[in-house]
Amino acid sequence: REPLREPSSQSVSDELFQNFYTEVKQIEKRDSVLTSKQQIERLLRPGSSYFNLNPFEVLQIDPEATDDELKKRFRALSILVHPDKNQDDADRAQKAFEAVDKAYKLLLDPEQKKRALDVIHAGKEYVEHMVKEKRKQLKKEGKALDVEEDDPEVFKQAVYKQTMKLFAELEIKRKEREAKDMHERKRAREEEIEAAEKAKREREWQKNFEETRDGRVDSWRNFQAKGKSKEKKNRSFLKPPKVKMEQRE
């Protein structure tokens with residue numbers, strides 16, 4: 001299966017959502033406590049960078065779980081995927097462990113946890129709104145008001161899909177802001193370097209100007225002195241010769 005690309009502004013494949021959701025739920029039903037290998041596979045499956053945006057899904061814990069339940073779940077899951085326990089697949093186990101650790105630390109932060117809960121609640125509200133709209137349309141058409149989301153499992157899957165999309169949109173915006181901030185920092189740094197180089201050039205010019213000032217002054221004085229001397233010579237050269245007395249008679 002082709003790996004899922006990084007989240008983009010375009011809609012993510014519904015088929016991939018369907019496959020992922022169905023497979024995970026089947027595994028959960030078959031084995032209430034997934035094995036180490038299954039957990040590593042779940043956390044590193046194609047598209048994991050997208051699915052792992054939801055910390056509650058990473059830890060497979062209910063959003064309403066208490067802090068004690070969260071700690072117990074993290075402890076159990078981190079032991080399952082720890083590289084020391086999976087030495088035959090240590091590299092992948094390390095990546096899975098990092099995903100679990102990141103999700104746990106995020107949920108330990110009250111502000112980050114609230115943001116994650118807000119996304120989940122927003123996903124549920126969106127699906128509930130769409131269900132109401134469907135019923136309105138059916139009523140308008142004079143049809144039965146039954147919708148597929150009446151099935152709890154279908155409703156849960158719809159919420160899951162919408163929640164993942166919301167997490168992806170937030171991640172896209174975060175990356176865009178990060179890229180913009182990086183560009184701004186780079187531009188500011190370039191301007192700072194340019195200003196520093198300009199100031200350095202001006203200081204060097206001023207220093208050279210001060211160091212050569214005496215020489216320039218002396219050169220100017222010498223130039224003026226030579227000019228005066230030449231002027232005297234020219235004046236003496238232009239004086240008419242004296243007339244002798246005998247020439248006056």
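Modeller: Buried means under 20% relative accessible area, exposed means over 50%, and partly exposed is in between. The model discussed here is predicted.

Colleague: Is Ala 122 buried, exposed or partly exposed?

Modeller: Ala 122 is found in helix 7. Its relative accessible area is 31%. Buried needs under 20% and exposed needs over 50%, so Ala 122 is partly exposed.

Colleague: How many Å apart in space are Ala 122 and Leu 166, C-alpha to C-alpha?

Modeller: In sequence, Ala 122 and Leu 166 are 44 residues apart. In space, the C-alpha to C-alpha distance is 8.3 Å.

Colleague: What span should the 31 residues of helix 7 have, and how far apart are its end C-alpha atoms?

Modeller: The expected span is 1.5 Å times one less than the number of residues. For the 31 residues of helix 7 this gives 45 Å, and the distance between the end C-alpha atoms agrees with it.

Colleague: Which helices do the buried residues of helix 7 pack against?

Modeller: The buried residues of helix 7 include Lys 113, Ala 116, Ile 120 and Val 127. Packing here rests on contact, that is, heavy atoms within 4.5 Å. The buried residues of helix 7 pack against helix 4, helix 5, helix 6 and helix 8.

Colleague: How far apart are the end C-alpha atoms of helix 6?

Modeller: Helix 6 covers residues 90-108, which is 19 residues. At 1.5 Å a residue it should span 27 Å. The distance between the end C-alpha atoms agrees with that, at 26 Å.

Colleague: Which helices do the buried residues of helix 6 pack against?

Modeller: Among the buried residues of helix 6 are Ala 93, Phe 97, Val 100 and Tyr 104. The buried residues of helix 6 pack against helix 2, helix 4, helix 5 and helix 7.

Colleague: Is helix 5 roughly parallel or roughly antiparallel to helix 6?

Modeller: The axes of helix 5 and helix 6 come within 9 Å and cross at roughly 170°. An angle over 145 degrees counts as roughly antiparallel. Helix 5 and helix 6 are therefore roughly antiparallel.

Colleague: How do the residues of the contact of helix 5 with helix 6 divide by class?

Modeller: On the side of helix 5, the contact includes Leu 70, Lys 71 and Phe 74. On the side of helix 6, it includes Ala 93, Asp 101 and Tyr 104. The residues of this contact divide into 10 nonpolar, one polar and two charged.

Colleague: Is the aromatic pair of Phe 74 and Tyr 104 stacked or edge-to-face?

Modeller: Phe 74 lies in helix 5 and Tyr 104 in helix 6, so the pair ties together parts that are 30 residues apart in sequence. Both residues are buried. The ring centres are 3.9 Å apart with 5° between the planes. Planes under 30 degrees apart count as stacked, so the pair of Phe 74 and Tyr 104 is stacked.

Colleague: What angle lies between the planes of Tyr 50 and Phe 51?

Modeller: Tyr 50 is buried, with a relative accessible area of 1%, and Phe 51 is buried at 3%. Their rings form an edge-to-face pair, 5.7 Å centre to centre. The angle between the planes is 80°.

Colleague: Are helix 2 and helix 5 roughly parallel or roughly perpendicular to each other?

Modeller: The axes of helix 2 and helix 5 are 8 Å apart, and the packing angle is about 100°. Angles of 65 to 115 degrees count as roughly perpendicular. Helix 2 and helix 5 are therefore roughly perpendicular.

Colleague: Which residues does Asn 54 touch, not counting residues up to four places away in sequence?

Modeller: Asn 54 is in the loop between helix 3 and helix 4. At 4% relative accessibility, it counts as buried. With those close in sequence left out, Asn 54 touches Ile 120, Thr 163, Met 164 and Phe 167.

Colleague: What is the phi of Gln 60?

Modeller: Gln 60 lies in the loop between helix 4 and helix 5. It is partly exposed, with a relative accessible area of 22%. Although Gln 60 is not a glycine, its phi is positive, at about 55°.

Key: Residues are numbered from 1 along each chain as its sequence is written. This is a predicted model: local features need pLDDT of at least 70, side-chain atom pairs count only at pLDDT 80 or more; totals for chains, interfaces and linings use all residues. Side-chain values use heavy atoms; hydrogens and water are left out. Helices (H or I, at least four residues) and strands (E, at least two) are DSSP runs, numbered from the N terminus. Buried means under 20% relative accessible area, exposed over 50%, partly exposed in between (1.4 Å probe, protein chains only). Axes are lines fitted to C-alpha atoms, for helices over the stretch in contact, and angles run from 0 to 180 degrees between N-to-C directions. Angles under 35 degrees count as roughly parallel, over 145 as roughly antiparallel, 65 to 115 as roughly perpendicular and the rest as oblique. Rings of Phe, Tyr and Trp (its six-membered ring) pair if their centres lie within 6.5 Å; planes under 30 degrees apart count as stacked, over 60 as edge-to-face and the rest as tilted. Ala, Val, Leu, Ile, Met, Phe, Trp, Tyr, Cys and Pro count as nonpolar, Asp, Glu, Lys and Arg as charged, and the others, Gly among them, as polar.
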